[in-house]
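Please look through the sequence and the model below, and keep both at hand while reading the report that follows.

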Amino acid sequence: MGQNQSRLENAPILTVENLRVVFSKHGREVQAVNGLNYQLSSGRTLAIIGESGSGKSVGVRSLMGLLPPSAKVTGSVRLNGRELVGLSEKALMSVRGKEIAMIFQDPAASLNPTMNVGSQIMEAIRLHNPMKKREAEVKAIELLKLVRLPSPETRIRQYPHQLSGGMRQRIVIAIALASDPKVLIADEATTALDVTTQAQIMELLVDIQERLGTAVIMISHDIGLAANYAHDVMVMYAGKVVEHANTKSLFSNVQMPYTKALLGAVPQLTTIPHSRLTVIGGHPPDLSNLPTGCPFAPRCPRATNVCTAEEPPLERQNDQHSYACWHPVGGQPLEAAGTADVLKVDAQDGACSESSTSTQERAVFASSLDERAKR
Ligand SMILES: Nc1ncnc2c1ncn2[C@@H]1O[C@H](COP(=O)(O)OP(=O)(O)O)[C@@H](O)[C@H]1O
Ligand code: SF4
Ligand SMILES: [Mg+2]
């Protein structure tokens, strides 16, 4: 019985198989997502990282049917065993917000400026669970307590412009949690916030996850956030997963040259807390005209003939680590990685952040990895 129980708890709530999204645009087909496969269990956090345009947002939006009609979605997305791909818009509406909820980058744009925040939370509560206004108000105050908003009884009557960015994002999270979703997707949800508020919101998500057992997918440009808060990290390039690993394994045993370049190839762990992903020289391929072979080959210093001739499959190195590469980096710990195959990186937009991180912060980072890995 105990064993069965534990097997059930670890059973994936979300199973994505061969998920593809193609947009038809000016008579051309843009292959935005090219065969995603992953699973997510309750209480786990998966971070998705990759350059702009790599298919992160389209990949998660397709889980909820939140794409324009020009998108053709194929493959399989099973939530608690129920297939979502191919469901009618009406059926998807009952999944969206109720079983899978999403929070976006800009809390101001997610809220209605003309309604007080209490009414907006109550509206979300009553949409999925019809109840009297008074009951919904009690539940709204409970949700505001859950997202640790001070003085919820007063705040509930306020309008979005009367709240700080961090408070507004707490309201957005409260709305997302209104129907007790099983999967919460945060797409760059803290990017617009200052560093301290980002950390507070991430701590809140971890806290909520631990209390409610929600599965979380976070998309972030901040390696520090992914490293500190995700159990697993999936790296996307040109609509595909090129490396997928337990967070600790990824950072100590990086294999795919693209991941290495993205995380910054020079002395590493020093740049982790709140570091943006490194900007890599060159451009990702045209998604309407993907090359044969490895899509990263034109930018990769390790590329050989086999790379341009044949695409490397996503191979499992072990239970915790998969990567797609014919000539993997070889598991140098990032901290010790040399500069031998450093990629050309552009220092524009401050992406190659200067290291000002103390040894103490690094120790915090390393121990948080240990903590997350144990869970
Ligand atoms: N509505 C659309 N029509 C056509 N192409 C789109 C549309 N939305 C996204 N794309 C394309 O899909 C690719 C992946 O986009 P996206 O998932 O938003 O990237 P990101 O990794 O930055 O979140 C991009 O190349 C983008 O141009
Ligand atoms: S398969 Fe070849 S081109 Fe692609 S990342 Fe690996 S070494 Fe580079
Ligand atoms: Mg995006």
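This is a predicted model: local features need pLDDT of at least 70, side-chain atom pairs count only at pLDDT 80 or more; totals for chains, interfaces and linings use all residues.

One of the residues involved is serine 24, whose bridge partner in β2 is glutamate 29.

These two strands belong to an open sheet of four strands, whose order is β2-β1-β4-β5 and whose pairing is antiparallel. The edges of this sheet are held by β2 (28–41) and β5 (82–83), and because each of them has a single partner strand, one side of each is left without a neighbour in the sheet.

## The surroundings of ligand 1

Ligand 1 is surrounded by 15 residues, of which the closest are Phe23, Ala32, Lys56, Ser57 and Val58. The elements that contribute two or more residues to this shell are β1, β2 and the helix α2 (56–61), and the largest share, three residues, comes from α2.

## The eight-stranded sheet

A second topic is an open sheet of eight strands, which follow one another in the order β6-β7-β8-β3-β9-β10-β13-β12 with mixed pairing. Here the edge positions belong to β6 (100–103) and β12 (315–318), each with a single partner strand, so one side of each has no neighbour in the sheet. From one strand to the next, the twist averages 20°.

Within this sheet, strand β3 (residues 45–49) and strand β9 (residues 232–237) pair in the parallel sense over four bridges. As an example of this pairing, isoleucine 48 has methionine 234 in β9 as its bridge partner. The helix α8 lies across β6 and β7 (183–187), and its direction runs at about 170° to that of β6.

## Helix α5 and what covers it

The buried residues of α5 are Val117, Gly118, Gln120, Ile121, Met122, Ala124 and Ile125. What covers these buried residues includes three other helices, namely α6 (133–146), α7 (152–155) and α8 (165–176).

## Glutamine 209

Glutamine 209 is found in helix α9, which covers residues 195–212.

Although glutamine 209 and serine 42 are 167 residues apart in sequence, their C-alpha atoms are 8.6 Å apart in space. If residues up to four places away in sequence are left out, glutamine 209 touches Gly43, Thr45, Thr214 and Val216.

## The chain as a whole

The chain contains 14 helices and 14 strands, and buried residues make up 44% of its 375 residues. Among the contacts between residues at least 6 apart in sequence, 70% join residues that are at least 24 apart.

Definitions and conventions
Residues are numbered from 1 along each chain as its sequence is written. Chains are lettered from A and ligands numbered from 1 in the order in which they are written. Two strands pair if DSSP finds at least two bridges between them. A residue is near a molecule or strand if its C-beta atom, placed from the backbone, lies within 6 Å of it. A residue is buried if 20 or more other C-beta atoms lie within 10 Å of its own, exposed if 12 or fewer, and partly exposed in between; C-beta atoms are placed from the backbone. Two residues are in contact if their C-beta atoms, placed from the backbone, lie within 7 Å. Axes are lines fitted to C-alpha atoms, for helices over the stretch in contact, and angles run from 0 to 180 degrees between N-to-C directions.
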